[in-house]
Amino acid sequence: MNRKDADPQDTSSGKKGNPTAIDYKDQLERDILYALKKPTPLYWGGLALAAGLVIWGAISWSIQIRTGLGVTGLNNPVGWGAYITNFVFWVGIAHSGTLISAILFLFRAKFRSRFNRSAEAMTVFAVMTAGLFPLIHLGRVWFFYWLFPYPNQRYLWVNFRSPLIWDVFAVSTYFTVSAIFFYVGMIPDLAIIRRLKEGIGKRIYSILSMGWVGTIKQWRHYNQLYKFLAALATPLVISVHSVVSWDFAMSVIPGWHTTIFAPYFVAGAIFSGCAMVITLVVPMRKMFRLEKHITVDHFDKLARLLLFTSLIVGYAYIVEYTLAFWSGNVYEEGQFIYRAVGDYAFFYWLMITCNVVLPLTLFVKKLRRNISYLFVLSLFVNVGMWFERFNIIVMSLAHDFDPYNFGFYIPSIIELGITFGSFGWFFMFFLIFAKTLPILSITELKEEVHD
Amino acid sequence: MTDKMTFSKRAEFISKLRELLESGVPPKKLKIVMPHPDHEVDEIVEKYVPPSKLKYFTLAGALSGFIGGFALTIGTVLDWPLITGGKPLISIPAFIVIVFEMTILLGATVSLLGFLILSRLPSFKSIISPEDYGNEFVILMDRRDE
Amino acid sequence: MSGIQTKLAIAFLVITGLIYVLEYFLPAGQGGAHLFNLLFWIAIIEGSIAVVAVGEVTNGKWVKPYRQELLSVYPLILLIGLLFVIFIPRLEYYPWTEQPGIWLNKNLFIARHVIQLIVVFFIARKFARESINEGQKRAFWGVIYLLAFAISMTGVAFDWLMSLEYPWFSTLFGALFFIEAFYCALALAGIFSFLYKAKFLDTYGESFESARMDIATLLFAFAIFWASQFYTQYLVIWYGNIPEEVSLIYYRTIDSPMREFFYSVVAFNFIIPFITFTYRRMKANYLVFLIVSIVVWVGIAVERLVIIVPRLSINPLILIVEFVIIGLMMIYVIRKRDSFLVKST
């Protein structure tokens, strides 16, 4: 009983009165199919803008490959700058997706089902973006394969004691598992789109869904797989950003050598990722008319998660700051005074405002339920979290032990180009995803009708 | 020949399924298709079919990742012993990170493999001519031996 | 109501007197036993209320059967306050008393902790009453309590425990302490599951079984979480290899029996709960849950001892006697919970 004859553009809610479960399911499919319709000029404009940024980034990178890392602002002592900031930022964004998909699944939080498809897509694309940066930062990117342990005629193996190699393993694992999780979650939905499409579209989605039928045997294995993937992805989320934080914590310079980095970074990652989910879902919901499926209540719950992680990040700032003075260690004290009043003080206070002060407003219920407010706040948080990474990296390097070794760093135009290019790359993939793959987890929403 | 029973209401489907299974119809003869998974159906069916074997795949993958991680790190450092940072050659605290990541990587990939094998996916027959039943619950009963 | 309050007040004063005698009139070394008991019990007490607070804030069904039992420990915060006051003479053994700073000086130390314990007591009491009455504002007070819990536990960890090793510091120490507090409290819920099994099944039926499985799963998750944070702290110290920091681990792993105790911490807090609870059948078994909970308590206790003992000598006998006294007091308070913590109709 397929409603092929029904108008896919009709987004009014099914039958009047008491719509049955099957009406809701059909309506849901129509709503999702509406999102997959031919793109509007607005969409093409957004895609063109993203592509333009990617081209700017690509040109910048090609200049860097031709000339060398000298075109960046990197120097001695600040050998890590905008690229590592971007790397940590994008890996952080990725974590929230897995949190929403996997961890909230294990906690049986219902509101997750409205966000998890977009969040999982965000994860995969953010990891892809993050993965570019170790390559960019290598300079001689053509030697990237040296990072993997393979037998070679130089008899050299990678240094497994180095946090940079831990990064390679952690981020590769994270990419693989997120991609698997993303794809597996989509198989039943791809089968739905296969049913609703004709011609070449039907063929493509048929291949993508691997011939999924939905027999009970398949569902049982599928449920087990999903549970195991969620159980595996949960420690993965915590470990990957811990490993990334250990890039810094394994050193000995003040501001970097501190034990709280692992949970602090993980909380910060979830924080920035939730903000990015809001940034992506609010416009998407409007453009694809999904207001019925993603309601204010769902955003309320997401805002609470944002608030919670903001409190953890605030706690970490306070603990780090006060313990530096507790210890009486002149280098720690010097670093933290530098953070507040030194060369980059403006960015420090920007970070505090965006990450700690502004999210406190989410204690107010009215503001949590105001979607425009959440959108604007999420933009501030994204900026604040980018600068948090920048501050941690650059300020500790610029002001470590010996005053003779103090320095200063400004990103060059090449680094700026690549930074904006990375944002373009991410949004480009997300826009393509929004038009080709189901943006809501249709099957999970159908399952909920009976709950 | 196959009997095809379609239901648009979940309650009818569950009562018919329960009726069929309790009357002794072997589960092998039933092909049940659902638009989405369902807890209650799982509870009914698990009394008649053995549980999914996927967990063995996951365990095998995770264990091989665990052992493989140690093998890779310890093996390579003994093959070309290079002291870095004053750390011992076989530095277990550092290697645990690699071991952990490999455990999860192999656990997840082998689980996926197990799922594909157990569900007989990708199924070329179904890709070429997909079976679609829409939002209805379907029970196909194989009546060939009767 | 005030009958039970008077009884508890008298009991607390008696216990404080007893412990004062034990500590200062018997050879109790440098008061390590006293500090151990302060740290161990404050974690369990504040942690139990925190578990319920988390349950209320997230609207979890799993907290309902355990609510009254877990919340009923809140009066003991005052006992810890009293015991802290008689600990004050021992502060001279802390390394910073010779060169007091702005933060670490005796007067401010005493003042802030006495005030902090009193404030946490009142917030805990308010939250406990809201929660047991299923009032409208229980999520709100839950949040307030959790903020107070985080600040209190962090302060206790840094001031009472970490400052023993002054000038060493670890920014993760406070967080690790309140994760352990939460962990211990979940273990306490596991102990309750065994002790009050009949009563819970009677009152709550099916929902108790699922709540218990949830607590067991949470315990499993916290075993992993604890291990990851413990490892994080260890890894940063190990990798940096800075002499001032490494000395902390060095003195605790160089000789037996300290070394065995140090490694046993990982075994009790992580390996045993992790391996046991991987099996669903084990999670469903009440006795196994009880044993794992006790193992977790032992693990946390040993961890405290490992940090305290090289700095403040203990008398094991006095430690056990104090432990038992406070434990009995806690049992008494929990048994009397119906007198001060019931739903008012």
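**Cavities and a helix contact in the predicted model**

In this predicted model, the lining of the largest cavity draws at least two residues from each of five elements of chain C, namely helix 7, helix 9 (206-240), helix 10 (243-253), helix 11 (258-277) and helix 13 (286-308). This cavity has a volume of about 250 Å³, and among the 19 residues that line it, those closest to its centre are C:Phe173, C:Phe230, C:Gln233, C:Glu303 and C:Ile307. By class, the lining of the largest cavity comprises 14 nonpolar residues, one polar residue and four charged residues.

Across the whole structure, the search finds seven cavities of 30 Å³ or more. The second largest cavity, with a volume of about 160 Å³, is lined by 18 residues, of which A:Ile192, A:Val213, B:Met34, B:Pro35 and B:Gly134 lie nearest its centre. Helix 5 (residues 163-196) of chain A gives the most to this lining, with five residues, and the lining as a whole divides into 10 nonpolar, three polar and five charged residues.

Helix 7 of chain C, which contributes to the lining of the largest cavity, also packs against helix 6 of chain C: the two helices, spanning residues 173-195 and 138-161 respectively, meet at an angle of about 115 degrees, with their axes 8 Å apart. The crossing of helix 6 of chain C with helix 7 of chain C is right-handed. On the side of helix 6, the residues in contact include C:Phe149, C:Met153, C:Val156 and C:Leu161, while helix 7 takes part through residues including C:Phe173, C:Phe177 and C:Ala181. The residues of this contact are 11 nonpolar and two polar, with no charged residue among them.

Conventions. Residues are numbered from 1 along each chain as its sequence is written. Chains are lettered from A and ligands numbered from 1 in the order in which they are written. This is a predicted model: local features need pLDDT of at least 70, side-chain atom pairs count only at pLDDT 80 or more; totals for chains, interfaces and linings use all residues. Side-chain values use heavy atoms; hydrogens and water are left out. Axes are lines fitted to C-alpha atoms, for helices over the stretch in contact, and angles run from 0 to 180 degrees between N-to-C directions. Helices (H or I, at least four residues) and strands (E, at least two) are DSSP runs, numbered from the N terminus. A crossing is left-handed if the near helix is turned anticlockwise from the far one by less than a right angle, and right-handed if clockwise. Contact means heavy atoms within 4.5 Å. Ala, Val, Leu, Ile, Met, Phe, Trp, Tyr, Cys and Pro count as nonpolar, Asp, Glu, Lys and Arg as charged, and the others, Gly among them, as polar. On a 1 Å grid over the protein atoms alone, a cavity is a set of points where a 1.4 Å probe fits but cannot get out, and a pocket is an open set with protein on both sides within 12 Å along at least five of seven lines; lining residues have an atom within 4 Å of a point. Grid points are joined across faces, edges and corners, and a volume is the space filled by probe spheres set on the points.
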